[in-house]
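Please look over the model shown here before reading the notes that accompany it. They are arranged by topic and are meant to be read alongside the coordinates on screen.

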Amino acid sequence: MNDPLNHRPYARKTIVLMTDGIHNTGQDPEPQATAAAADGIVVHTVTFSTAADQGRMQQVAANGGGQHWHADDLATLVAAFRTIAQNVPTLLTE
């Protein structure tokens, strides 16, 4: 996973998961987020739906060392992604 030929060495690995948060197939996302964090990957979550399982996705983000945002409408969704983009750590090198 840490193959230097396939990533920028100073980039912060980040996953942004947008979902309704309702787990219906595959592996449980909470331990997957924990594993990602152990591998140096930050997991942020964004839920979008009035029926979204915000609690589960808050836990996934916490396990992944990230933050959770919820959006009920397009404007809030855009704002969430804007916030994420503006807060991804930046490293300047010479």
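The briefing below moves from the whole chain to two individual residues.

This is a predicted model, and the protein chain in it has three helices and three strands. Read from the N terminus on, these elements follow the order β-α-β-α-β-α.

**The chain as a whole**

- Of the 94 residues in the protein chain, 26% are buried.
- The protein chain exposes about 6,400 Å², and carbon and sulfur atoms supply 52% of that area.
- Among the contacts in the protein chain with a separation of 6 or more, 61% are accounted for by residues 24 or more positions apart.

- His68 lies in strand β3, which covers residues 65–71, and it counts as buried because its relative accessibility of 19% falls under the 20% cut-off.
- The side chain of His68 makes polar contacts with two threonine side chains, that of Thr45 at 2.8 Å and that of Thr47 at 3.3 Å.
- When neighbours within four places in sequence are left aside, the residues in contact with His68 are Thr45, Val46, Thr47, Gln54, Met57, Gln58 and Ala61.

**Ala11 and its position**

- Ala11 sits in the segment before β1, the strand formed by residues 14–19.
- With a relative accessible area of 32%, Ala11 is partly exposed, since this value lies between the 20% limit for buried residues and the 50% limit for exposed ones.
- Although Ala11 and Val88 are 77 residues apart along the chain, their C-alpha atoms are separated by 9.8 Å.

Terms used:
Residues numbered from 1 in each chain as written. Predicted model: local features only at pLDDT ≥ 70, side-chain atom pairs only at ≥ 80, totals over all residues. Heavy atoms only, no water. Helix = DSSP H or I, 4+ residues; strand = E, 2+ residues; numbered from the N terminus. Buried < 20%, exposed > 50% of the residue type's maximum accessible area, 1.4 Å probe, protein only. Contact = heavy atoms within 4.5 Å. Areas by Shrake-Rupley, 256 points an atom, 1.4 Å probe, with all protein chains shown as cover. Polar contact = N/O pair within 3.5 Å; in protein donor to acceptor, adjacent residues only side chain to side chain.
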